Each structure stands twice: as C-alpha cells, then as structure tokens.
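Subject: Handover of a structure, with notes

Dear colleague,

I am passing on the structure below, together with notes on what was found in it. Please read them with the model open beside you.

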Amino acid sequence: MRYYSKRDWAMKAIIAAVWLIGIAVLFFMYTDDSATFLMIYVFGPMLVFGLVLVTASITNMYYELQEEGLYVKAGFYSYFFPYETMESIHPIKGFYTPGVKAAMALTGVAIKVNDGRELVRISPDNEASFRAELMEKALHVKEIDEAISQREDKKSI
C-alpha cells in the first residue's frame, strides 16, 4: 500500500520561507544595476534549479510497503530498505536524527536499520495503518513506544 507523507505547519512554514528568500534574492539580482555576469547567468539559474528540486522532492513524497521491503520516494530520490535490515520502529519528534530523512513533519516514525544508515525517518499520513502493515510484513521488527527526540544519542536507540 502507498502512504503519502503528512505535512505539518512547521515544515510548510520552512518551505514558504525558503521560497520567499529565494524569490527576494532573484528579484534583487535581476533588478540591481551592480549584478555581475556570474550572478545573473550562473547563480540565478542555480537558485531556480535548487528551488525546483526542493519543490519536486516535497510534493512527490510517499512510502510503499512492498513484498521485499520499504520503498521510499522523495522527488528525484528513492530508497529501498529490505525488511531483514529493519530492527525496530519508534515514534519520533524534532528535526535532527541521523540516517535517511524522508519526512515532511516534525513527528512521524523512525525505523532502525542495520545497513549502515542507522535510521530511516518518515512521516506517513496514516501512521497507525502503516505501523500495522509493517508489523504484518516484518514480524521480527520490535515496536518501541519510546520516542526518539532530536537530542537523543544514537547509542541509546
């Protein structure tokens, strides 16, 4: 089943701020007489490309529990995590966690994996349904109710 990423007010505000700052910088660059060739023909298009890349990544973010594992799609990026690499699932809150971050909310779930990436942070729309389906497909995964906060040491997971 496909689960789309939920978006909370904090992440929407951050994205809006990035866009407003980007548009303000572009406006200044293209209206200021002191703008250089490098600013107009290199930095401007790079900024536009970056804004498009960020927008594409956040508008097309979803998670699929497939037969062999979890497929994460975030815009132009995709990840696959086999069920056998998963150890536990935790609630999560805050911005900072190590590993793969594919969440558009401050809260969600973190799946501890043993493939070198430590955690996979996601924010499925229907978290209860996602957890239930994951526990059905990966019986060995431990469900831990203790939340991982943004300042928690990775050794205590």
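Two strands are taken to pair if DSSP finds at least two bridges between them, and the strands themselves (E, at least two residues), like the helices (H or I, at least four residues), are DSSP runs numbered from the N terminus. In that sense, A102 has I122 in strand 8 as its bridge partner.

Before going further, please note that this is a predicted model, in which local features need pLDDT of at least 70 and side-chain atom pairs count only at pLDDT 80 or more, while totals for chains, interfaces and linings use all residues. Residues are numbered from 1 along each chain as its sequence is written, and side-chain values use heavy atoms, with hydrogens and water left out.

The sheet and the hairpins

Five strands make up an open sheet of mixed pairing, in the order 6-8-7-5-9. Its edges are strand 6 (100-102) and strand 9 (142-143), each of which pairs on one side only. Strand 6 runs parallel to strand 8, with three bridges between them, whereas strand 7 (residues 107-113) is antiparallel to strand 8 and is joined to it by four bridges. I122 in strand 8 is the bridge partner of V109. Between strand 7 and strand 8, which form a hairpin, there are five residues, and G116 in the turn has a positive phi of about 95°.

Strand 3 (residues 69-74) and strand 4 (residues 77-82) run antiparallel and are joined by six bridges, and S78 in strand 4 is the bridge partner of K73.

Aromatic rings

The structure holds five aromatic pairs, counted where the ring centres of Phe, Tyr or Trp (its six-membered ring) lie within 6.5 Å, with planes under 30 degrees apart called stacked, over 60 edge-to-face and the rest tilted. One of them is edge-to-face, because the rings of Y3 and F130 have their centres 5.3 Å apart and their planes at 85°. This pair links distant parts of the chain, since Y3 belongs to strand 1 (residues 2-4) and F130 to helix 3 (residues 127-137), 127 residues apart. Y3 is buried, with a relative accessible area of 3%, and F130 counts as buried at 0%. Y79 and F81 form a stacked pair, with 6.3 Å from centre to centre and 25° between the planes. Ring pairs also link Y4, Y62 and Y71 into a cluster.

Salt bridges

With a salt bridge defined as a side-chain nitrogen of Lys or Arg within 4 Å of a carboxyl oxygen of Asp or Glu, the count comes to six. Among them is the one between K137 and E67, whose closest N and O atoms are 3.8 Å apart; K137 is in helix 3 and E67 in the loop between strand 2 (61-65) and strand 3, 70 residues apart. E87 and K112 form another, with the closest N and O atoms 3.2 Å apart, and this pair links strand 5, where E87 lies, to strand 7, where K112 lies, 25 residues apart. A further one joins R131 and E143 at 2.8 Å between the closest N and O atoms, with R131 in helix 3 and E143 in strand 9, 12 residues apart. R131 is buried, at a relative accessible area of 10%, whereas E143 counts as partly exposed at 42%. Salt bridges that share partners join K6, E127, R131 and E143 into one network.

Technical notes:
Buried < 20%, exposed > 50% of the residue type's maximum accessible area, 1.4 Å probe, protein only.
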